[in-house]
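Please look through the sequence and the structure shown here before reading the briefing that follows.

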Amino acid sequence: MSQIGRLVAQRLALGLLTLFVVSLIIFLCIELLPGNLAQEILGQGATPETVAAFNRELGLDLPPHERYITWLLDMLQGDFGRSLASQREISELLAVRVQNTFFLAGVAAIIAIPLAVTLGILAALYRDSWYDRMVNVLTLTSISFPEFFVAYILIIVLAVNLGMFPSISNISDDLGFWEKVYRTALPALTLTLVCVAHMMRMTRAAIINLMASPYIEMARLKGLKPGRIILKHALPNALAPIINVVVLNLAYLVVGVVLVEVVFVYPGLGQLFVDSVSKRDIPVVQACSLIFAMTYVLLNLLADVLSIMSNPRLLHPR
Amino acid sequence: MTDATTDSQSRDKKGGIILDMHGLRIEGRSDEIWHEIVHGVNVTLRRGEVLGLIGESGAGKSTIGLAAMGFARDGCRISGGSIMFDGVDLAKASDDSLRQLRGSRIAYVAQSAAAAFNPAHRLIDQYCEAPVQHGIMPRSEAESDAIDLYHRLRLPEPESIGFRYPHQVSGGQLQRAMTAMAMACRPDLIVFDEPTTALDVTTQIEVLSAIRDIVRQFDTAAIYITHDLAVVSQMADRIMVLRHGNLIEEGETRGMIEDPQKEYTRDLLAVRTFRKELSDEPDAEIPLLRVQGVSAAYGKVPVLHNVSMDIHRRRTVAVVGESGSGKSTMARVITGLLPPSQGAVYYDGQPLAPSHRRRSKDDKRRLQMIYQMPDTAINPRQRVRSIIGRPLEFYLGMRGEDRDARIMQLLEMIELDPDEFIDRYPGELSGGQKQRICIARALAAEPELIICDEVTSALDQLVAEEILKLLQRLQDELGLAYMFITHDIATVRAVADEIVVMLQGEVVEHGPKAEVLSPPHHEYTELLLSSVPEMDPDWLDNLLVERSDQPA
């Protein structure tokens, strides 16, 4: 087990390093953005004195490296600063949004992952049958459309024509759990349709890739049933690539939802991100970017660790 | 043990026919066209009988072995004939009824146990799968049965070995564990598909004797597939010689070995007769290559311990030992791929830089290598012209017509028709031809020493013999020195002037061939030499008796 512990610690350290580099890049990119914040906020009529006073108040007159270090240290203590637009604590602002985004991602993941893996296993089992072809064509079709297009189609069919779900997913904390799920249904379905193809095809390919290996031939020559061969003999050895693609898709569910959130007016991180960019609310943009980056890094870390754990050679050393 | 008496009894009273394949035809698909690869072969097998199928690669022996289970690999199909197994025609049986027979009444032992065991499950889980899934016995019974069989197959720690994962068990032990797995349902027939080909000779003996005993104990019929006539003569009651999907000759083992009827069988029997004429003793001059006190390690794992050896001009030094003894590591140190942690390599009296990066082009040119797998040693997307042309350009600066003329010359030296072969891709060559191209590529650099790393072990025996003869002729003509890395004693007998025996990273014996091969031997050399199967059906019996008489 010590070998695994070492590998995990290694990945963890690398993840922290990545996060640090990412924070630096975010900061530098925002430095490069054109326009003066004070001018933007105070408007055309601001006198040079008020601009200077504004900058001093926010610490914007300090050299960049000092501002970066202050920002980083504040971040490490959980202090994201205040929003320039609303003057509210950013952490307070983020808390609700992060929760909502993770809720949407969670609902989508709970539908998409089991669906994709099952479809993939079945496609591998009935390789080259009409079922296999149909699943391939359908999932490929759904991934080929941009997600906002899929979203509008779903709205037209399920919300406008059939009236099954609301077309605007306005959720808030005072709603009951199932009410929230109900209102989240359409965006979650959109996300599912977009990411199922990728996971399903990887599951199918990873399993089929192993079907030519000698231990699968051995399993067939032991007279085992095809379903058992796939589940018991192929799947455990195909886990690493499947885990990787599933976790990458999880990251997509959290990070890549901006468009979908906008279409459904869903009060998540993506919406906040877009609003903040248009309002030049730099501290909020920075905080959102960092959360997105952290999600990616942590989920990739998780994928690495799970892949390592699925390798019997590492799990059971000599 | 009363094995000897029960053996002879069981041999006499073979039962009725268990398997009767008649007019078996199998087709394989390549380039979208079906080609027949087995052309109407008849195989009959009685209960308790062991049938040897022998032939070179492409003879169709594995294909026939699998057909005995009603199985054809992807890209193959059984296209004609009948496969009667105990009254059922497997060629016509439904998938379901085939599945019920496989594993329970007909079992399979694959060539590479390391690849045929699922890395994700423990040995005993894989053992219990067939009996439990076929509904023959409950899990607990299967487990105790497994331990009993592990015991009979002389596996170490039979009570606990099954609870390990495949990667935690050595190759020879895995092969026996797989035999146990095949025995799990006490099948009527087991197909052994080259079960010892991937093993070292010393390990091969243990596996061979374990397999033979267990097959006799349970009176199981077996098809034993191999390319090694000496091995099959230890195992089989009857032998069928196959070539290109046709039966060449069939007969009782003893009769076949003593009096083969067909030319091809005689060729197979004669492969181990090639001997190099001994060359003169080396002059007292400086050796061409001197390895002095070399130790080397991969990371923290030490592989070589204080190894020394000399190679003189025009001499062949054979380095023998089991896998893991450090033979190939030695080649990596000499070529500079692995700088040694201690000691040095001298070429013509001058020290060579430890790392190949710091060696001059000329140092590299004089020392060339030929590898075990010609398939992976040459770029499949280059024509023969560029494969051989590259070293001519790189080392000797040849261009254009000079270069092409030299390529032609080299192809003639390796006995391939230049006009026919110069523009071929490796995919259009046979295994032996590819190895010849590798030889030509090494020769192109005009080397003085060639390191041959297991150059014949991936080839069929007849082809291997041709390659050895070619290398010998080239040595005589060009005055090359060879370092010949091999685990095959027959090859050593054929080509060596001097022998270096390695064990666990150390040289245990070193000297001229005659000296090393004649007694008294170092203990390990003795073990290695005596483990090489001979063309004598009684060899294994005699050897086991001999070894059991000696105190371990």
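**Cores, helix packing and loops**

Leaving aside residues up to four places away in sequence, B:Ala67 touches B:Met21, B:Leu24, B:Ile26, B:Ala72, B:Ile78 and B:Ile83, where two residues are in contact if their C-beta atoms, placed from the backbone, lie within 7 Å. This is a predicted model, in which local features need pLDDT of at least 70 and side-chain atom pairs count only at pLDDT 80 or more, while totals for chains, interfaces and linings use all residues. Residues are numbered from 1 along each chain as its sequence is written, and chains are lettered from A and ligands numbered from 1 in the order in which they are written.

**Nonpolar cores**

- The largest nonpolar core has 155 residues, and those that touch the most other members are A:Met199, B:Ala67, B:Ala68, B:Met178, B:Ile223 and B:Tyr224; a nonpolar core is a set of buried Ala, Val, Leu, Ile, Met, Phe, Trp, Tyr and Cys residues joined through C-beta atoms within 7 Å.
- Helix 5 (residues 90–125) of chain A gives the most to this core, with 14 residues.
- A second, separate core has 75 residues, among them B:Val345, B:Ile485, B:Ala490 and B:Val501.

**Chain A as a whole**

- Chain A has 14 helices and zero strands, where helices (H or I, at least four residues) and strands (E, at least two) are DSSP runs, numbered from the N terminus.
- Taken along the principal axes, the box filled by the C-alpha atoms of chain A is roughly 85 × 60 × 35 Å.
- Of the 318 residues in chain A, 32% are buried; a residue counts as buried if 20 or more other C-beta atoms lie within 10 Å of its own, as exposed if 12 or fewer do, and as partly exposed in between, with C-beta atoms placed from the backbone.
- When contacts in chain A between residues at least 6 apart in sequence are considered, 72% of them join residues at least 24 apart.

**Helix packing in chain A**

- Helix 5 of chain A and helix 10 (residues 226–255) of chain A have axes that come within 10 Å and cross at roughly 150°; axes are lines fitted to C-alpha atoms, for helices over the stretch in contact, and angles run from 0 to 180 degrees between N-to-C directions.
- That angle makes helix 5 of chain A roughly antiparallel to helix 10 of chain A, because angles under 35 degrees count as roughly parallel, over 145 as roughly antiparallel, 65 to 115 as roughly perpendicular and the rest as oblique.
- The residues in the contact of helix 5 of chain A with helix 10 of chain A are 17 nonpolar, two polar and no charged; Ala, Val, Leu, Ile, Met, Phe, Trp, Tyr, Cys and Pro count as nonpolar, Asp, Glu, Lys and Arg as charged, and the others, Gly among them, as polar.
- Helix 5 of chain A also packs with helix 12 (residues 269–278) of chain A, at an angle of about 130° and with the axes 8 Å apart, and that makes the two helices oblique to each other.
- In this second contact, A:Arg97, A:Val98 and A:Thr101 of helix 5 of chain A are paired with A:Leu269, A:Gly270 and A:Leu272 of helix 12 of chain A, giving three nonpolar, two polar and one charged residues by class.

**Helix packing in chain B**

- Helix 17 (residues 400–413) of chain B and helix 19 (residues 431–444) of chain B have axes 9 Å apart and pack at about 130°, an angle that makes helix 17 of chain B oblique to helix 19 of chain B.
- From helix 17 of chain B, B:Leu410, B:Leu411 and B:Met413 meet B:Ala440, B:Leu443 and B:Ala444 of helix 19 of chain B, a contact with six nonpolar, no polar and no charged residues.

**Where the chains meet**

- The contact takes 16 residues from chain A and 25 residues from chain B.
- On the side of chain B that touches chain A, helix 3 (95–101), helix 4 (113–116) and helix 5 (123–133) of chain B each supply at least two residues, and the residues of that side are twelve nonpolar, nine polar and four charged.

**Individual residues of chain B**

- Most residues other than glycine have a negative phi.
- B:Arg186 has a positive phi, near 50°, and lies in the loop between helix 8 (171–183) and strand 7 (189–193) of chain B.
- B:Gln504 also has a positive phi, near 45°, and its place is the loop between strand 19 (498–503) and strand 20 (506–512) of chain B.
- B:Glu523, in helix 23 (residues 523–530) of chain B, is exposed, because 11 other C-beta atoms lie within 10 Å.
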